[in-house]
Structure formats: structure tokens, C-alpha cells
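Here is a walk through one model, covering its sheets, a helix that gets around, and some charged pairs. Have a look at it first, then read on.

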Amino acid sequence: MAEIKKYIISVDAGGSSLRALLFDRQGRIVGREQVKTEIISSSSGAIEHDPEELWQKFLFAVNKLLKNLNVKPVEIASIGISVQRAIFTLWDKKGITCCNFISWSDIRAAETTSLMNKNIKWKFVKLGAALVGRFTGSTILTATGMLDFVTDHALSRLNWLFARRPEVYEKAKNGELMFGTLDTWFVYKLTGGKIHATDTSNAASTSLYNHFDFKWNSIFCNLFKIPIGIFPEVKETKDDYGYTTEDLFDGVKIPIGAVVGDQMASLFGHCCFEKGDVKISQGSGSFVDINMGYKPKLSRRGLFPLVAWRIDGMTTYMLEGHLATAGRLIDWLGQGIGLSDTPKVLNELAAECEDSEGVVFVPTPNGIRFPHFKPNVRGTIFGLSLNTHRRHVARAVLQGIAMRLVDILDGIKKDTGIRVRSIKTDGGVSRSDLLLQCVSDLSNHTVERSREHEVAAVGAAYLAGLSAGIWKSFDEISKLEKVYDLFEPRICSVERDKIRKRWKTALKAALSVE
């Protein structure tokens, strides 16, 4: 008698830890394991990860999860994988890597990136694309005309790597190497080297993939002499990624049913399936992602459409705004100036007063991104008086973070005309009730906070469950049990306008000083 496939394994690999969770057929979490992963900073600006360490941690976490829960591998219906996006490495046909994973936050390619943006051929490509895009309304041409390369882009870091390591470039040109993001590496290792693939959400996040025509970007590859043959097959998000080899899990071959980028997985985990659904993930930074539906749209001020997921031939697009400092800002408030140590402590301190007594904090210690894009702006505080207490500053900090998140939402709405349907949130910083109340008050939307922290893992599990046939539709997934805390707007429009006007005045002043 065949074993009933009772469970789904979901693995979420981030920058500093890897988590393995087990889900049952009702979408409930049965157990979880977490392991820390090392960040390698071998030189100034370097952020790397050891590929073999990540692979061994993957295996360790999954095997420990199964062992502790006394679950047999034969009971697993599918594996879903969510990963930090746009980090990459290269390896040969024996599976031997030629470098560590280079993180999206690695900035060693800054000089290379500047030279790429100054490339004459690239400037002509941009100009031509912008002109044609203006007359045709083509999203891809308009986006190309607006694009400036940054070190976040895997293209920039890959170009830098090839320039720095000519022997690696020669091997790539000769067809001896394979390129892969973290998901590709895990799938390759799990399948014993049989599958070299990624999904559209991860491919689109590299800047190397044309996610309008669904193929690797030959223009970029030709322009910067990147061998296009090194790139993996691009599958749908819910797809057949092969089976694990028998030696990994007690002789059982487990299907790999889904691969997805971390923020996209979180969007899916929150069941943000409709156009206008928003999720805000708040960790060291904050990611604001909005479902844009089946037609790609870009913001005229620099947000580019990404693929949220591609399922059964249908592509859901999203736009993403990023607040670089949220959790890191709160860490600094504790360790740097002794104001508070955690979101909880900051929340308690801020709750001691009804308002900030006119204090405004602009949370931009590392510059500001969308919709202003001023990298040299610094964090600023306004409105201090002899009556100012640290509780007022604490409240101003939370209000400032909330206002920046609302700024991003307002910018997306203004640039695209989209209507926000819902706002859901997760992550450590979202544990602050006062912060979420500020977001609700200032956006005039209900904010729903998930009581489950690992929403990216939830999303990967839902996708793997769809792949395995455990759930048949988005509607069925939406009906699975989930618990959210609700924050409703409490202030009137007059008070909201007053706070927002004060914020805009402070922000304008901060932007004028670089």
C-alpha cells in the first residue's frame, strides 16, 4: 500500500539564516528548523556566501526537521524553495564552484557599474529605446530607456567578476561554466546535477532576463560580452524541477514543485492574488510590493516591473519599493544613541505620548530611494525643543518609518493610477503595534499583520502544494486558516493632512541638504 503524501517541505534561504518548515495538507505548520549562515566580508564592500556551506545547511535543516518530527521522506508530497534574490555563483560540470555567492548588497562592482552606464553603445540603446517607447507605448522599451545599472543588478556584478577573473571568463566563453542564483544551486544539488534551472521571478530579479519576452537578454549579453550559454533554463514558478536523488533522503526521490524569490513568496503567502494587493515585509530593510496584475506597468520615476510568479502560462507582475533601513535603524537607535534596543522597546517608549510634539524624523541615514532617489541624503530630525523627551523622538522615528512606507505607496499610485486594495505585513519590525497603527492612519487603509513570521516559507509551501495537487486553486489556498491582527485608521482627515504636511516640509528640507 502506497504511503499517503501528507506533507510539504518549504525552505526559505535568506542572507543570514536558512529555515526549513513542514506543512500539512491544511496549510498548517507542523514544525520548523532554523540554522544561521555565514556572511563573508573578505574586503571592503564584499558580501559573499559559501555555496557548499549553504548546501550543507540546507540538507542539515531538512533532515533535522524530518527526524525531530518523526516524519518519513516518503510522506513528503513536494518541496518548495524560496531564496534571497539576485545572488549568484558559477560552477563547472562537476559541480565545483569558481567563486562564492556574490550578494546583491555587495558593492565592489561600483566602478564597473559606472563604466557600464557611460558606455557609448549603451547610451545609444537607451536613447533609441526611450524614443521608440514614447511613440509606441512599449513597456519594455520605455523601461530600457529609463534604466541605469546599479550594483544590485547581477549583470553589474557578473561583469565585474569577469573583468577581475579573466580565467573564469574564458571558461564561461568556452561553455565550461554554469551560472546560477541560489535557487538554481539548490535544485542542481538536489537533483544530482540533472536540472540547471530557475524560475521567472528569480530570473527577472537578475536584470539579465527579458521577462516581457521570457528569454535571457541578448542585448545586454552582446553589449557587455556575457556568454548567454551559461544561463539556466527558466521554468514557471510552480513547475517540475525534477526529483531529489535517492542518497539524500533515505532512498526516497522527492519532487521539487516550486521555486520563487523571497519577496514574491511573501506576496503569495499573504494571498495577495488580486491587482492592488500590497504586502510590506519589514526586517533589516522594508520591501513594499504591490500586485500589478497580468500586464506589466512601470513607474515613470524608476520602479521597474518584476515577475511575482508565472503559473500555467499566466504571468503576474509586481512593483517593488525598498526602504533600506528599518530594522537596522532601530538597532542603531539602541546601540548608537541608547534610545531603544528592539521594536518592542521603541514601541513601548513611543506609546508613552499621544503625539511627537512636533518632532519629525526623516529615516534616511543611507540615502533615499523611490520616489526621490537621493543617495547622499542623510537622516534628519526636526522640531526639537526644550520640552522634547526621548518618547517624542521614539514616536517620531516610528512615524517617520511609516511615512516613508506611505510615500512609496503614494508614489506607486501616482505613477500607475492603481488603487490599493489591501495592505498586509510581516517581519520583525512589524511587531510594533504603534508603527502599524501609524501606517494605517497615514495611508487611510486597514493594515493586516500576519501572526506567522515566515510568510515567504508559507508562500513557497502554497506553490509547492499547488504543484503537487494538494490544493487546486488560489481560491482554495485563500480559504486556508490564517491569523492576522488588524489595524484600522483612527485619525480624522484633518489630523492626517496636518501630519503629512509637516512630513513633506521636513522631507523637502532633508532632500535639499546633500
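Arg 310 stands opposite Thr 315 in E17. The two strands involved, E16 and E17 (residues 314-323), pair in the antiparallel sense over 5 bridges. Pairing here takes at least two DSSP bridges between two strands, and the element names are DSSP runs numbered from the N terminus: helices are H or I with at least four residues, strands are E with at least two.

Before going further, bear in mind that this is a predicted model, where local features need pLDDT of at least 70 and side-chain atom pairs count only at pLDDT 80 or more, while totals for chains, interfaces and linings use all residues. Residues are numbered from 1 along each chain as its sequence is written, and side-chain values use heavy atoms, leaving out hydrogens and water.

**The two sheets**

E16 and E17 belong to an open, mixed sheet of 7 strands in the order E16-E17-E15-E14-E20-E21-E22. E16 (306-311) and E22 (484-487) are the edges; each has a single partner strand, so one side of each is left without a neighbour in the sheet. From one strand to the next the twist averages 25°; angles run from 0 to 180 degrees between N-to-C directions, with axes fitted to C-alpha atoms (for helices, over the stretch in contact). As a reminder, strands of a sheet pair through backbone hydrogen bonds, either parallel or antiparallel.

H10 touches E14 (277-282), E15 (286-293), E16, E17, E20 (422-426) and E22, and its direction makes about 60° with that of E16. H14 (residues 433-443) touches E14, E20, E21 (447-450) and E22, making about 150° with E21.

The other sheet to look at is also open and mixed, with 5 strands in the order E3-E2-E1-E5-E13. Its edge strands are E3 (29-36) and E13 (256-261), each pairing on one side only. Neighbouring strands in this sheet are turned by 15° against each other on average, direction ignored. E5 (residues 76-83) and E13 run parallel and are joined by 5 bridges; Ile 81 has Val 259 as its bridge partner in E13.

**H10, and a helix pair**

H10 (residues 262-269) turns up here too: it lies across E1 (7-13), E5 and E13, running at about 110° to E13. H15 (residues 455-468) lies across E1, E2 (17-23), E5 and E13, at about 140° to E5.

How many residues of H10 are buried? It's 8 of the 8, so H10 is largely enclosed by the rest of the structure. Buried means under 20% relative accessible area, exposed means over 50%, and partly exposed is in between (1.4 Å probe, protein chains only). Among those buried residues are Asp 262, Met 264 and Phe 268. Just after H10, Cys 271 takes a positive phi of about 60°.

Elsewhere, the axes of H2 (residues 110-118) and H5 (residues 154-164) come within 9 Å and cross at roughly 110°. That makes H2 roughly perpendicular to H5, a label for angles of 65 to 115 degrees. Thr 112, Thr 113 and Met 116 in H2 meet Leu 155, Ser 156, Asn 159 and Trp 160 in H5.

**Salt bridges**

Side chains of opposite charge can pair when their charged atoms come close. The rule used is a side-chain nitrogen of Lys or Arg within 4 Å of a carboxyl oxygen of Asp or Glu, and the count comes to 27 salt bridges. Here are three of them:

| Salt bridge | Closest N and O atoms |
|---|---|
| Arg 28 with Asp 24 | 3.0 Å |
| Glu 53 with Lys 57 | 2.9 Å |

Arg 28 is partly exposed at 42% relative accessible area, while Asp 24 is buried at 11%. Glu 53 and Lys 57 sit 4 residues apart in H1 (residues 51-69), so about one helical turn separates them. Glu 53 counts as buried at 16%, and Lys 57 as partly exposed at 22%.

Asp 410 lies in H13 (residues 390-416) and Arg 500 in H17 (residues 493-511), so this pair ties together parts that are 90 residues apart in sequence. Asp 410 is partly exposed at 21%, and Arg 500 is buried at 16%.

Finally, a network of salt bridges links Asp 433, Arg 449, Arg 451 and Asp 485.

Key
Contact = heavy atoms within 4.5 Å. Parallel < 35°, antiparallel > 145°, perpendicular 65-115°, else oblique.
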